[in-house]
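I want to look up a side chain, its ring partner, a sheet and a pocket.

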Amino acid sequence: QVQLVESGGGLVRPGGSLRLSCTASGLDLSRYELSWHRQAPGKERELVAGITRLGGVTTYGESVKGRFTISRDNAKNTGYLQMNSLKPEDTAEYYCKARRFSDSSYYDYWGQGTQVTVSS
């Protein structure tokens with residue numbers, strides 16, 4: 001059974017940091033592109049950051065550039081999102097997604113989410 005489990009969320013003050021983890025089981029994460037998404041109440045889910053299978057290329061949403069860093073450790077089947085200089089507008093449920101391309105299609109697996117709240 002494939003599972004992605006996020007951890008590391010919590011309550012943090014503005015300007016603080018958190019490190020989210022996404023640990024995969026039931027699949028070889030090195031075969032998947034990994035991304036982090038977030039969804040705040042009343043808003044659409046948005047892409048936060050993405051990383052290619054071997055970590056050579058990363059992409060970031062405009063609102064987190066320079067503050068967040070995505071990384072992965074395929075040996076541990078785990079991806080990470082380091083979040084620095086957090087702002088109240090970063091408050092959301094954060095989800096990781098693993099995507100594998102096959103022929104002309106793709107397969108997505110999502111984690112259950114972890115809540116990040118930035119508040120004083």
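Is Tyr 95 buried or exposed? I note first that this is a predicted model. Tyr 95 comes out at 14% relative accessibility, so I log it as buried, the cut-off being under 20%.

Next, aromatic pairs. I get a count of three. Trp 110 itself is partly exposed, at a relative accessible area of 35%.

Then the sheet. I find an open one of four strands, ordered S1-S3-S8-S7 and paired antiparallel. Strand S1 (3–7) and strand S7 (68–73) are at the edges with a single partner strand each, so one side of each has no neighbour in the sheet. On average, neighbouring strands are turned by 15° against each other, direction ignored. I also checked S3 (residues 18–25) against S8 (residues 78–83): they pair in the antiparallel sense over six bridges. Arg 19 has Gln 82 in S8 as its bridge partner.

Last, the largest pocket. I read off about 170 Å³ of space. Strands S4 (33–39), S5 (46–51), S6 (58–60) and S9 (92–102) each give two or more residues to its lining. The lining includes Glu 33, Lys 97 and Arg 99. By class I have four nonpolar, five polar and three charged residues there.

Notes: Residues are numbered from 1 along each chain as its sequence is written. This is a predicted model: local features need pLDDT of at least 70, side-chain atom pairs count only at pLDDT 80 or more; totals for chains, interfaces and linings use all residues. Side-chain values use heavy atoms; hydrogens and water are left out. On a 1 Å grid over the protein atoms alone, a cavity is a set of points where a 1.4 Å probe fits but cannot get out, and a pocket is an open set with protein on both sides within 12 Å along at least five of seven lines; lining residues have an atom within 4 Å of a point. Grid points are joined across faces, edges and corners, and a volume is the space filled by probe spheres set on the points. Ala, Val, Leu, Ile, Met, Phe, Trp, Tyr, Cys and Pro count as nonpolar, Asp, Glu, Lys and Arg as charged, and the others, Gly among them, as polar. Two strands pair if DSSP finds at least two bridges between them. Axes are lines fitted to C-alpha atoms, for helices over the stretch in contact, and angles run from 0 to 180 degrees between N-to-C directions. Rings of Phe, Tyr and Trp (its six-membered ring) pair if their centres lie within 6.5 Å; planes under 30 degrees apart count as stacked, over 60 as edge-to-face and the rest as tilted. Buried means under 20% relative accessible area, exposed over 50%, partly exposed in between (1.4 Å probe, protein chains only).
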